Amino acid sequence: FVFGQLFRSLGYPLPENKALVEGDRIKWLNPGRETPLKALVGNKGKYICKPIDKGGGEGVFLLSTDGDGIFVDEQHWSVDDLRSRLSGRYLMQEPVEQHEALRALHPTSVNTLRLLTVHGPDESELLSSVLRVGKGGGILDSWSQGGIAVSIDPETGKTISPGVIKTEKRTVKMHPETGGSLDGYTIPFFDRCKKVVKAAHKEIPQIWSIGWD
């Protein structure tokens, strides 16, 4: 939440933080107002919901409303169902539309890069780069939630087989469901991604290393 607020204010392209949810209340950030959770029923929108105090994709789900009902991961839920799932404080963000080249590997998840930078005396450097791809028809690409991680050549922006499925303790050369090759797959706009994370790290040099999604 803090990262999104800070870096959007600095002009970086991030999904917008829409609201914070706690208990039975939703605090909409723009404009600043509060509504009860049940007000979602009459709303129209689509959001990615993330528990603020967790990581690794734990507890993340897709929430959508069509003006008549509430849907969680495309299943119809009541307000009481949703309230029982929201333990703790949640962030609602706008969804991300991914590039068609990444969608082809696994269309239901947003498949992301994990770029690790370290900040030296004068500038930041790229230490490692990995592509994460979801599987199983889920919305998450997280390695800890069953996704595939495959290294990227930092010079060419192409993947280097094999991919690793941590939860299954095995490696794969192709996506087990879509059949997409994980060797030599070109990451679109990879050079631009490297420039963005290096520039962003200069904004907060007091943090020595950062993993950027």
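How many helices and strands does the secondary structure of the protein come to?

1. The model is a predicted one, and its secondary structure comes to 4 helices and 14 strands. The C-alpha atoms fill a box of roughly 50 × 45 × 25 Å along the principal axes, and the radius of gyration is 19 Å, which agrees with the value near 17 Å that a compact globule of 213 residues would have.

2. On burial and surface, 38% of the 213 residues count as buried, while the accessible surface comes to about 11800 Å², with 51% of that area belonging to carbon and sulfur atoms.

3. An open sheet of 6 strands deserves attention, its order being 13-12-11-10-9-14 with antiparallel pairing. Strand 13 (170-172) and strand 14 are the edge strands, each of them pairing on one side only, and the twist from one strand to the next averages 25°. As background, the strands of a sheet pair through backbone hydrogen bonds, either parallel or antiparallel.

4. Within this sheet, strand 11 (residues 148-152) and strand 12 (residues 159-165) are joined in the antiparallel sense over 4 bridges, and Ile148 has Ile165, in strand 12, as its bridge partner. Helix 4 (residues 190-203) packs on the sheet, where it touches strand 9 (112-119), strand 10 (124-133), strand 11 and strand 14, and the direction of helix 4 makes about 45° with that of strand 9.

5. Turning to the aromatic side chains, the structure holds 6 aromatic pairs. One of them joins Phe7 and Trp212 in an edge-to-face arrangement, at 6.0 Å centre to centre and with 85° between the planes. Because Phe7 lies in helix 1 (residues 2-9) and Trp212 in strand 14 (residues 209-212), this pair ties together parts that are 205 residues apart in sequence. Phe7 has 1% relative accessibility and so counts as buried, as does Trp212 at 8%. Phe7 and Trp212 also belong, with Phe3 and Tyr12, to one aromatic cluster.

6. A further pair is formed by Phe61 and Tyr90, whose ring centres are 5.8 Å apart and whose planes lie at 55°, so the pair is tilted. Phe61 is in strand 5 (residues 61-66) and Tyr90 in strand 8 (residues 89-93), and the pair therefore ties together parts that are 29 residues apart in sequence. Both Phe61 and Tyr90 are buried.

Key. Residues numbered from 1 in each chain as written. Predicted model: local features only at pLDDT ≥ 70, side-chain atom pairs only at ≥ 80, totals over all residues. Heavy atoms only, no water. Phe/Tyr/Trp six-rings, centres within 6.5 Å; stacked < 30°, edge-to-face > 60°. Helix = DSSP H or I, 4+ residues; strand = E, 2+ residues; numbered from the N terminus. Buried < 20%, exposed > 50% of the residue type's maximum accessible area, 1.4 Å probe, protein only. Pairing = 2+ DSSP bridges. Axes fitted to C-alpha atoms, helices over the stretch in contact; angles between N-to-C directions. Contact = heavy atoms within 4.5 Å. Rg over C-alpha atoms; globule rule 2.2 N^0.38 Å. Areas by Shrake-Rupley, 256 points an atom, 1.4 Å probe, with all protein chains shown as cover.
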